[in-house]
Amino acid sequence: MLRLLRRPVAIGPETPDEALVRRAQAGEGHAFQALFERHVTSVRRFLRDLLRDGDAADDATQESFARAHAQLERLGDHDRFKPWVLGIARNVAFEARRVRVHDVLDEEDEGVPDAVIPGPDPESLLLDAELEKHFNTALAVLSPRRRAALLMRLDHGLSYEDIAASFGWSIPTVKNEIHRARLKLRASLQPHLGGRP
Amino acid sequence: MTCGKPGLLEALTRSELTATTAAEVEAHASTCARCRHELNWLRTERALFRARAGRDEVSHLWQGIAARTAPAPRPWKQLAFALAASALALLSVQQLLQARPTVNVAQTAESEPLSSEPIESTDPTACSRLPEGLGFRCTMSLSDDALASR
Ligand SMILES: [Zn+2]
């Protein structure tokens, strides 16, 4: 009863995810909306990279947050909202593409380059639309699970531990998968970077 | 020093090192071709990912989610759950008595056990909404409770 009379604490950019999750779990709609606003760009981009279709990514983003809302009370690690919602998004995308998260990765041992790939010069990198197109294509040719793991780490900054927990893989497996994905990405990108050996 | 520790170079690009360690790693990479090569790639990858970030149009997405996450009036929700639980329990009891006396009423919603820690729910529909692959095993404890109270 007292809770009804208490003035809600303001939500700002400095409010940690952990507090937002607790408040959303207690039924504060604004707290869940704040979590949405904080992570929707990341989730939408992740889904666009997995599904390669803007409209499908929009639908999958809405489905992912609706599921997150429905299952929020199950999130015990209150500071783990981002890896958790990205895991949900990954599952939504894989359901759409009929990829099973826990399948063995054997069939994905697609040509990983073993030679040293000539290095780019990040100082003279020209980040134009043309390069971004090549970058997106290089990401797209990676197998779905390997791409998801690579994106979780490189684009969305998740720890190896969080990725391992999300996929049900061991940490060495996560590191190996990301390493292989990285080599393939570099090999695809290299001709478009004007790098020097 | 960093040659055997690729994680240090990545931590450098992610600004996760103390100023002292970062300076040491930078100094090493400036004299070691192998580490400089790796560092150049790591910085290029980071620049490419950063260039795309935050450009997606997402403002239209909340409306669809707001409609699906509007809070239901709590007393009615609880009553609905209680009714659903009673119905489930009745069905289960009926089945137990009629056909399969050895069936365990607590059922695992997901076919594959994903984790050693089951999650108990009082929401009878929650298990069916849990997507695969989150590392959770969902157990509906509700039928048990409802049975016990009878
Ligand atoms: Zn070195």
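Reader: Which are the buried residues of α8(A)?

Author: Please bear in mind that this is a predicted model. A residue is called buried when its relative accessible area is under 20%. In α8(A), that holds for Y160(A), D162(A), I163(A), A164(A), S166(A) and F167(A). Helix α8 of chain A, residues 160-167, is thus mostly covered, with six of its eight residues buried.

Reader: What covers the buried residues of α8(A)?

Author: The cover comes from both chains. It includes α5 (81-97), α7 (144-154) and α9 (171-189) of chain A, along with α1 (6-13) of chain B. Just after α8(A), the backbone is also worth a look: G168(A) takes a positive phi of about 75°.

Reader: How should I read a helix that has both buried and exposed residues?

Author: The general idea rests on helix geometry. An α-helix has 3.6 residues a turn, so residues three or four places apart point the same way. Now consider helix α4 of chain B, residues 61-69, whose buried residues are L61(B), W62(B), I65(B) and T69(B). These lie on the same side of α4(B), because they cover an arc of only 85° around the axis. Q63(B) and A67(B), on the other side of α4(B), are exposed.

Reader: How many residues of each chain are in contact, and what area is buried between chain A and chain B?

Author: One begins with the extent of an interface and then asks what supplies it. Here, 54 residues of chain A are in contact with 41 residues of chain B. The area buried between the two chains is about 4,500 Å², and carbon and sulfur atoms give 57% of it. Of the area that chain A buries against chain B, Q62(A), R74(A) and R186(A) supply 17%, more than any other three residues.

Reader: How many salt bridges are there between chain A and chain B?

Author: The count is eight. One salt bridge joins R68(B) to E63(A), with the closest N and O atoms 2.7 Å apart.

Reader: Which helix gives the most to the side of chain A that touches chain B?

Author: That helix is α4(A), with ten residues. By residue type, this side of chain A divides into 24 nonpolar, 14 polar and 16 charged residues.

Definitions and conventions: Residues are numbered from 1 along each chain as its sequence is written. Chains are lettered from A and ligands numbered from 1 in the order in which they are written. This is a predicted model: local features need pLDDT of at least 70, side-chain atom pairs count only at pLDDT 80 or more; totals for chains, interfaces and linings use all residues. Side-chain values use heavy atoms; hydrogens and water are left out. Buried means under 20% relative accessible area, exposed over 50%, partly exposed in between (1.4 Å probe, protein chains only). Helices (H or I, at least four residues) and strands (E, at least two) are DSSP runs, numbered from the N terminus. Contact means heavy atoms within 4.5 Å. The arc is that of the directions from the helix axis to the C-beta atoms. Buried area is the accessible area (1.4 Å probe) that two parts lose on being put together, summed over both. A salt bridge is a side-chain nitrogen of Lys or Arg within 4 Å of a carboxyl oxygen of Asp or Glu. Ala, Val, Leu, Ile, Met, Phe, Trp, Tyr, Cys and Pro count as nonpolar, Asp, Glu, Lys and Arg as charged, and the others, Gly among them, as polar.
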